[in-house]
Amino acid sequence: MTELDRILRFKEDHIRSQADDVQEHLFGFAVRNLRYAASHHHNKVVITGPADAPEILTLADHALGGAAHRLVEIHHEPTALAVAGALAEAGYDHESNLLMLHQGAPPPPAPGVETVTLADLHEPVRASWAAELPQLTPEELDQLTERRATLLQDGYETTFLAVRDGGTIVCHGDLYIHRPSGTAQFEDLSTHPDHQRRGHARAVVTEAIRRAGDLTLFLEADETDWPKDFYGRLGFTPVGRTHHFRRMS
């Protein structure tokens, strides 16, 4: 199994583990979690093998019926490239993320980084969503904030890392470890706009790298945005891509 295969397997199993309902198909699967209907991450179709556009569109409409969105996440690169045009014609926007693998020795502990709880993160996460998507209703904000509870589950060691300033959390990120597979993921790095360019994000990522040790550690970064370069300076190298096709229904 290649490192990319290991990463994709981890991602797919982690997605399934957060769902209330999983529908398996020959070329992928669909997940639903109606407690968090506003969360696209918890209600989507994942394509893991060869499929054509009509199959994918049919599955998305069937599996996500009643949802206010359609999200198709494709892990099979040839399929993503082959169906991109047809999905665009069907009204889907397309973005691609780099899967980036950390390479190099673990660093020393990062000063100022601590472990926090879901309760600690509630207010900063809710405020971040409210600033990013001001059109969200209070109920939708609650769902996108509280959905993080699905990360706390048997089989995965989930650690929330943060930096405080005067007791207030100003930067945070998640580390998910699955020791049976030897794989870990860093995700959801966020720094308050008033506290950027102070080294907080670097400290949080560095501490995640240290805690992952010799495990296969990866993260996802938007292929068109600057954070991929930031992660590159910290030892992360692209090894593959995921493709995300989204439409508001």
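## Overall picture

Of the 249 residues in the protein chain, 48% count as buried, and this value, like the others in this report, comes from a predicted model. The chain is built with seven helices and 11 strands. Its radius of gyration is 18 Å, close to the 18 Å that the globule rule gives for 249 residues, so the chain is as compact as a globular protein of that length. Along the principal axes, the C-alpha atoms of the chain fill a box of roughly 50 × 45 × 35 Å.

If we consider contacts in the protein chain between residues at least 6 apart in sequence, 67% of them join residues at least 24 apart. The accessible surface of the chain comes to about 11900 Å², and carbon and sulfur atoms account for 51% of that surface. As for charge, the chain carries 23 positive and 37 negative side chains, and the centres of these two sets lie 4 Å apart.

S2 pairs with strand S1 (residues 21–25) through five bridges, and the two strands run antiparallel. A hairpin of two residues joins S1 to S2, and histidine 25 has glycine 28 of S2 as its bridge partner. S2 is also joined by four bridges to strand S3 (residues 44–47), again in the antiparallel sense, and here alanine 30 has valine 45 of S3 as its bridge partner.

## Strand S5 and its two partners

Strand S5 takes in residues 93–102, and seven of its 10 residues are buried, so S5 too is largely enclosed by the rest of the structure. It is joined to strand S11 (residues 236–248) by 10 bridges, with the two strands running antiparallel, and it pairs with strand S10 (residues 216–222) over five bridges, also in the antiparallel sense. Methionine 100 takes part in both pairings, for this residue stands opposite proline 238 in S11 and opposite leucine 219 in S10.

Leucine 219, which has its place in strand S10, is buried, with a relative accessible area of 1%. When its neighbours within four places in sequence are left aside, leucine 219 is in contact with Leu98, Leu99, Met100, Phe186, Tyr231 and Phe236. The C-alpha atoms of leucine 219 and arginine 247, which are 28 residues apart along the chain, are separated by 24 Å.

Not counting residues up to four places away in sequence, glutamine 103 touches Gly235 and Thr237. Glutamine 103 and threonine 237 are 134 residues apart along the chain, yet their C-alpha atoms are separated by 7.3 Å.

## Helix H5

Helix H5 covers residues 138–146, and its buried residues are Leu141, Gln143, Leu144 and Thr145. These buried residues pack against another helix, H4 (118–132).

Aspartate 188 has a positive phi of about 60 degrees, although it is not a glycine, and its place is in strand S9 (residues 183–191). At 35% relative accessibility, aspartate 188 counts as partly exposed.

Arginine 197 also has a positive phi, with a value near 65 degrees, and it too is a residue other than glycine. This arginine is found in the loop between S9 and helix H6 (200–212), and at 87% relative accessibility arginine 197 counts as exposed.

Conventions
Residues are numbered from 1 along each chain as its sequence is written. This is a predicted model: local features need pLDDT of at least 70, side-chain atom pairs count only at pLDDT 80 or more; totals for chains, interfaces and linings use all residues. Side-chain values use heavy atoms; hydrogens and water are left out. The radius of gyration is taken over C-alpha atoms; the globule rule is 2.2 Å times the number of residues to the power 0.38. Buried means under 20% relative accessible area, exposed over 50%, partly exposed in between (1.4 Å probe, protein chains only). Contact means heavy atoms within 4.5 Å. Accessible areas come from the Shrake-Rupley method with a 1.4 Å probe; for residues, only the protein chains shown count as cover. Lys and Arg count as positive and Asp and Glu as negative; His and the chain ends are not counted. The place of a charge is taken as NZ of Lys, CZ of Arg, CG of Asp or CD of Glu. Two strands pair if DSSP finds at least two bridges between them.
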